[in-house]
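Subject: Structure handover

Hello,

Please find the structure below.

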Amino acid sequence: MSNETLILSVLITLPAVFSIISLFLPTPRSVLLLCASGTVLVALAMGTLALAVLGGSPVFGSNGWLRVDALSAFHLTVLGIVYALGALQTPGYFRDEIEDGSLNLSSARRYGALWFGSLGAMLIVLLSNNMGLMWVGIEATTLLTAFLICVHATPGSLEAMWKYLLMCSVGVALAFTGTLLAAASTGPSAVHGTESLLWTSLMANAASLDVMLIKAGFIFMVIGYGTKAGLAPMHSWLPDAHSQAPAPVSAVFSGFLLNAALYCIFRCLPIVETATGNTGWGRGILVAAGLLSILTAASFIAVQRDIKRMLAYSSLEHIGIIALGAGLGGVAAFAAMFHMLSHSIGKSTAFMCAGRLMKAYKTNDMRKITGTLASSPLWGAGFLASLLALIGTAPFAIFFTEFMILRTAVNAGDYLIATAFLAGLSVVFIGVMRYAIPIAWKPSESAPVFPAASPLEYLLVIVPLSVLLALGVWMPPFLTRTLASAAGLLGGTM
Amino acid sequence: MTAYIDIILVGLILSNFILLGSSRLGNCIRIAAWQGIMVGLLPMATAEAGFSFRIAALGSAVIVLKGFVFPKLLSRALRESDTSREVQPFIGYTASLIAGVLALSASFWLDGRLNLPIHSASAIVVPVSLSLMFTGLFLVVARRMAITQVIGYLVLENGIYALGLAIVRDLPFLVELGVLMDVFVAVFVMGIAIYRINREFDHIDSHRLAKLKG
Amino acid sequence: MSAEGLLLLLSGFLLSPLLQGVINRTKAVFAGRKGSPLLQQYRDMAKLLRKGAVFSTTTTGIFRIAPSAVLVLVAAAYTLLAPSTVESGWGFPGDLILFVYCLGLARFLTVTAALDTGSSFEGMGASREVLYSALAEPALIIGLAVLARVSGEMSFSGVFHGLGDSEWLSAGTALAIVVVSFLIVMLAENSRIPFDDPNTHLELTMVHEVMVLDCSGPDFALITYGASLKLWLFASLMVNLAISPLGLSGYAQVAGFLGGMLFAGILVGTIESVTARLSLLKTPGLLTGAGALAVLAFILAARYLQ
């Protein structure tokens, strides 16, 4: 068995093994420690595989059903980073809940099993070459993450969980219709039998596919996977789910779940583009969805009071930006890939800091969380810095990706798109700063108690933020090559 | 026309109408079970290349799951949440029936426009599956009780399954099994969710789960 | 007109009260009673004809002429339908529509006469009757449209002569659904269970019986006879459609028809015995269901005969 297939099999079995082990551990603390260490292990394996693919050529496995190319390798790295960041903060986040008993053993075991289960499901999505298998993975992520939202069964979390479960299941079912239509579109082409669902055969025969069927399939997939990605107007589950879930889970949701759904759409985009003769029909849909998401996020973010809900709407905005960039193509697609990475890192940090602030101030109302810089330099500064990064302040990386996308739109003469984009970004900037400044500096009435932060937690805040800062200033050539090859699939260039 | 598949398809349409007009939750679950059994019989009636072990296995798996296991799960969720057994719709029964008729006409019209290449013995498979999808979506949106929303999801899945049978020549067995398993886990998870919602709220009326706004 | 046609026509006029008797006897058998004699309806009508009539002072001429006019209209509708299965040139293209309109006009006169009395009971019955008919008429019309579409003809004789083996083979499901739809329409239009209980004595629960509370004597006899003729009419529509695949003609058709009517009477009696009356809130739903079935049949027929 070659090295790559070995790593593939390890990658697939490890999360399942860890998931089963977490059901049998004796204490909640041990479950969370397993979460942290197991995730880091799996992340390292993902990193190895990604390096192998990015350095060389795509890897195949399981009769062509599994395939890792530049796009999936890039997403594997992002998945690894996000899950590792989330898992590493878990023991610290739940420490006080374990001590006062609100996180009991069965909840902890369930948490651990579902955590690894969702990791495994996302791996299936990224590794599969078969569109049907990819769909099975996405549906599995919905089901496995549903109960992660309501670790604590409060009315709000149950409501959020039900909305999420139903909306995403219905949406993903529609995405399956799209998959079926895509498979049916291979009628006039040379693809036969069970190969009609393989991405490689669809890509190779894209020019000879039935145009109407593949177009219909793409629309269904955008609606279906778009529901899972949180593209407007199918986004209404997003603020609820992200705000009611515990901080590590929200980090994973915003950091990777949405990206995984977008990944599925990105897989379909080149097929549709080639099949429709590169007229930009598919791109137009993505641009429209992206702009709509940005503008929706802008309208809602200005009236938020809940701190995590604001971060959730910020995720909606960023997903819109990524979709817009991928739709515009060219340099914007490259920027979109870069944006995926920087948004995931920034959002994970933001959720982590927000979670700690919420726990210390015992509220999630932003008007009551004030003076954080004074009460806790680490979490207050971390939150402020991650918010600044997320709304696109220079010299953080996100500023440059937004600038690149804007430049592409202006260069192509799409002034309407550029204006709408800019308007949305400005409203979000102002809306978020309106809260960020009082949160950081306004003198607070309450005296929050922060537990002592361990060195690991210092690292978890400082390292991602510095990486974001560094990436904004200087891009290592390795990263440039990676992003270019990932974006190349979307018709992107440097 | 005398193909058995047409009788099954018309039976599916009739079950749609009954679901839309039915006011008792127990009845809804039973009708959904019958619909599942009819959908499970479809591959055996559609098979172009004749009967094979794979088709029989898949068909029986679908019949067992959708005809027996899912109704059991849903009835248990219904029994343990001792709320009212009435459906309590947003949109009344007569209006729902009319919507169902409109959806049926729309499906037939769409089929005429789309002209999908089909691999099945009957001319009406695609419109029937489209109307199943419409009915499922309608039930999810227009009903308040969480259990009816789950039934709507099941009907949607039935429609998509029937559509897949009609337009895709050769879906890999593993993918079909994966899809079936996903639906099973989905219903299972939804059942547990309903149980927990009921334990917390003492009702399973999703319309009253409206605290999170904005 | 041939002898068979005449037979079919006369059977309606002469035997319709007997159908009521069959229904009542079936219900009695289900209930374990001996039941009234089969010919009871004739005796009732004879008794009524001998009585004198009393007219309320609030009524006008409409109330006087309504019973006779209704009977004439129902008889006219029946004449359009009855001999068409054996006479190939009976009627004219479009008599399907005239059929429906005769029945509609009869209903209009009944309702107006009921409102004419100025009594609140009759007003209530009138509004219910109109609601049910408004919902049942689309089912009837669309059902007839299906028949016209499948057979390609617009007259009753054309329809019944055009519905042969090949039509049933290609569009049989649609036609079967129309039979069920016609059954529901028959139950609704003639105030049988599950829409209305003919044996009820509580005015607030009545639909049709309450509209004729003020009629007496010969008028009431005409109304009773008209009601039984209307029941025979709807039943014969359903039976003619149901036995058309057998492809009978001549006297065999007459015999088959009469046998079918007997079976229809027993069927109605059975339905009345085993089903309970639907609550007033649910009956529109069932009627819409009949309409939905008719629409479904139309779509199927249109698709199959492309």
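Lys362(A) is not a glycine, yet its phi is positive, about 55 degrees. It sits in the loop between helix H13 (331–361) and helix H14 (372–375) of chain A. Helices here are DSSP runs of H or I with at least four residues, strands are runs of E with at least two, and both are numbered from the N terminus.

Before going on, two points on conventions. This is a predicted model, where local features need pLDDT of at least 70, side-chain atom pairs count only at pLDDT 80 or more, and totals for chains, interfaces and linings use all residues. Residues are numbered from 1 along each chain as its sequence is written, while chains are lettered from A and ligands numbered from 1 in the order in which they are written.

Other backbone points

Most residues other than glycine have a negative phi, and most peptide bonds are trans. Ser191(C) also has a positive phi, near 55 degrees, and is not a glycine. Is Ser191(C) buried or exposed? Ser191(C) counts as buried, because it has 23 C-beta neighbours inside 10 Å. Its place is in the loop between H7 and H8 of chain C.

Pro194(C) lies in that loop too, between helix H7 (165–189) and helix H8 (217–243) of chain C. The bond joining Ile193(C) and Pro194(C) is a cis peptide bond, with omega about 10 degrees. Chain A has a cis bond as well, from Ala394(A) to Pro395(A), with omega near -5 degrees. Pro395(A) is in the loop between helix H15 (377–390) and helix H16 (397–411) of chain A.

Chain contacts

Which chains share the most contacts? Of the 2 pairs of chains in contact, it is A and B. Here 34 residues of chain A are in contact with 32 residues of chain B. Contact means that the C-beta atoms of two residues, placed from the backbone, lie within 7 Å. On the chain A side, helix H5 (131–149) and helix H6 (155–184) give two or more residues each. H6(A) provides the largest share, 17 residues. By class, this side has 22 nonpolar, 9 polar and 3 charged residues. Nonpolar covers Ala, Val, Leu, Ile, Met, Phe, Trp, Tyr, Cys and Pro; charged covers Asp, Glu, Lys and Arg; the others, Gly among them, are polar. No contact joins chain A and chain C, and their closest C-alpha atoms lie 23 Å apart.

Domains of chain A

Chain A is assigned domain 1 (1–129), domain 2 (147–277) and domain 3 (280–494). These bounds come from an automatic or database domain assignment. In chain A, 28 residues of domain 2 are in contact with 30 residues of domain 3. On the domain 2 side, H10(A) gives the largest share, 14 residues. That side divides into 17 nonpolar, 10 polar and 1 charged.

Core

Ile149(A), Ile147(B), Ala174(C) and Ala297(C) touch the most other members of the largest nonpolar core, which has 371 residues. Such a core is a set of buried Ala, Val, Leu, Ile, Met, Phe, Trp, Tyr and Cys residues joined through C-beta atoms within 7 Å.

Best wishes

How values were computed. A residue is buried if 20 or more other C-beta atoms lie within 10 Å of its own, exposed if 12 or fewer, and partly exposed in between; C-beta atoms are placed from the backbone.
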